[in-house]
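Reader: I am new to this structure and would be grateful for a close look at one part of it. Please set that part in its wider surroundings as well.

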Amino acid sequence: MRQILTFSTGFIYKIKKEKFGIKYINIINRFTHLIRIKMDTARHYDNPFEDYPNATVNFVVNTATNEITENYKETLKVQTKRLIDQLEENEHQWTYHDDYSVYTGSAGIAYMFYQYGKCFNEPHYIDKAMELIRICIHRCRSKREITFLTGIVGPLTLSAIMFHSQNNSTTTQDIISRIKSLSSYVLDENSGLPDELLYGRAGYLFSLLFLNSNIFPAPIEDELIKKVIAVIIKSGNLYSASRRYKTPLMYIWHGTEYIGGAHGLAGILYILLQARKYLTKDQLEKDIRPALDFLQNLRFPSGNFPTAIGSHSDKIQWCHGAPGMTMLFCLAYEIYENKNYLKTALQCGELIWSRGVLRKGYGICHGVSGNAYTFLCLFQQTKDIKYLYRACKFADWCMDYGTHRKKIPDRPFSLFEGLAGTIYFLIDIQQPLLAKFPGYTI
């Protein structure tokens with residue numbers, strides 16, 4: 001099959017070179033994509049769950065109240081506690097290394113403990129989270145990694161929120177001052193800093209917005225947020241113009257024009273739209289809206305999105321592909337009231353239901369729990385109980401943690417790759433209208 005794929009790709013190049021009709025190019029493009037879809041089946045299991053509606057629905061969701069049933073909530077609670085006990089029993093395996101990030105390190109696990117403590121009124125876990133986050137701040141020596149997920153700003157942001165919840169205003173203000181002091185590097189257009197969520201300016205912007213949504217009064221000045229937004233948009237304008245793209249915004253990371261949630265255009269647009277109260281009308285209408293339309297037109301025939309411009313990779317995971325796009329286009333629909341945006345989000349949901357039970361595992365970044373946030377997002381947007389039911393079915397898969405997995409991640413207990421992320425999702429689904437994808441949704 002790979003030989004056929006190589007041949008077809010070469011043939012496309014040949015007919016383009018010899019200027020044969022676009023009709024033939026489209027035929028071969030579709031043929032190549034179908035081959036890649038076939039190859040991609042190795043990435044996921046066939047969805048074993050019966051879709052909504054069916055005879056077992058009432059054991060999971062209450063169609064009269066549009067909520068999860070009390071019995072299912074109890075199952076979630078019991079299984080979440082079982083998994084958190086499993087995580088704690090293996091503490092020596094996730095504290096021995098020097099990763100203090102939210103993404104794969106101790107700060108992400110602290111974040112999960114904090115959420116668990118708040119959700120179930122368990123002060124012990126809030127104390128455990130604060131102890132862990134203090135260690136992260138003390139030992140993290142990163143100076144130029146300025147994002148919420150992978151840099152020092154993540155642990156600092158979480159610690160500010162935790163200390164604020166304990167009414168420790170002095171420590172909170174000191175930490176916020178440290179975060180703001182990094183803005184000079186972020187705003188330096190010659191710093192070489194990328195713009196994407198995981199390692200770039202959008203990740204710093206997320207932290208600023210996250211602080212303002214969790215601390216009152218809001219500690220970050222409007223002017224600083226507007227400056228960060230301006231430099232992100234200017235960077236996208238300049239790069240897009242240099243490549244003559246039919247979009248006012250385009251970005252590059254490590255030589256690749258990614259378009260997904262973690263590294264690319266979609267993630268940047270999603271953070272910018274969540275900062276809409278700080279955006280000008282021109283930024284909304286002349287920069288972001290055309291970029292959304294450009295992105296929407298990159299979809300494969302399957303409805304999924306490529307990982308990057310020119311890529312044929314057809315992954316269904318938050319960092320690359322439909323799951324991260326669902327949240328973006330739901331929000332775009334809220335802001336612009338364009339029904340095509342909602343249609344795109346709903347199509348992503350159907351694709352994820354079909355192909356989202358991944359063989360990679362259960363993680364948030366590239367696993368089943370991350371994909372399940374698609375259904376929580378669609379439930380919040382549409383209030384259609386079908387999506388809550390689907391989220392619960394993916395939760396069923398996640399509660400059977402460790403049984404269905406072909407690959408063990410590098411950080412098997414972390415928030416974005418491992419067990420902590422699965423627990424975080426199982427906590428979130430218990431209050432589905434309040435659920436938010438960590439590090440992505442404010």
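Why does S369 count as buried?

Author: The model shown here is a predicted one. S369 counts as buried because its relative accessibility is 0%, and the cut-off for that class is under 20%. The residue lies in helix 16, which spans residues 368-382. Leaving out residues up to four places away in sequence, S369 touches Y362, G363 and I364, together with C398, G421, T422 and F425.

Helix 18 covers residues 419-428 and is mostly covered, with ten of its ten residues buried.

Helix 17 leads on to the largest nonpolar core. This core has 151 residues, of which M112, F113, Y204, L292, L295 and W318 touch the most other members. Helix 17 (residues 385-399) provides the largest share of the core, eleven residues. At least three residues come from each of domain 1 (41-137 + 315-441) and domain 2 (142-298).

L295, one of the core members named above, opens the way to another region. Apart from neighbours within four places in sequence, L295 is in contact with I259, L265, A266, L269, F305, M325, L328 and F329. Among these, A266 and L269 belong to the part of helix 12 that meets helix 14, while M325 and L328 belong to the facing part of helix 14.

The axes of helix 12 (residues 265-274) and helix 14 (residues 322-336) come within 10 Å and cross at roughly 40°. Their crossing is left-handed. On the side of helix 12, the contact also includes Y270, L273 and Q274; on the side of helix 14, it includes M327, L331, A332, I335 and Y336. By class, eleven residues in this contact are nonpolar, one is polar and none is charged.

Of the contacts in the chain with a separation of 6 or more, 68% join residues 24 or more positions apart.

How values were computed:
Residues are numbered from 1 along each chain as its sequence is written. This is a predicted model: local features need pLDDT of at least 70, side-chain atom pairs count only at pLDDT 80 or more; totals for chains, interfaces and linings use all residues. Side-chain values use heavy atoms; hydrogens and water are left out. Axes are lines fitted to C-alpha atoms, for helices over the stretch in contact, and angles run from 0 to 180 degrees between N-to-C directions. Helices (H or I, at least four residues) and strands (E, at least two) are DSSP runs, numbered from the N terminus. A crossing is left-handed if the near helix is turned anticlockwise from the far one by less than a right angle, and right-handed if clockwise. Contact means heavy atoms within 4.5 Å. Ala, Val, Leu, Ile, Met, Phe, Trp, Tyr, Cys and Pro count as nonpolar, Asp, Glu, Lys and Arg as charged, and the others, Gly among them, as polar. A nonpolar core is a set of buried Ala, Val, Leu, Ile, Met, Phe, Trp, Tyr and Cys residues joined through side-chain atoms within 4.5 Å. Buried means under 20% relative accessible area, exposed over 50%, partly exposed in between (1.4 Å probe, protein chains only). Domain bounds come from an automatic or database domain assignment.
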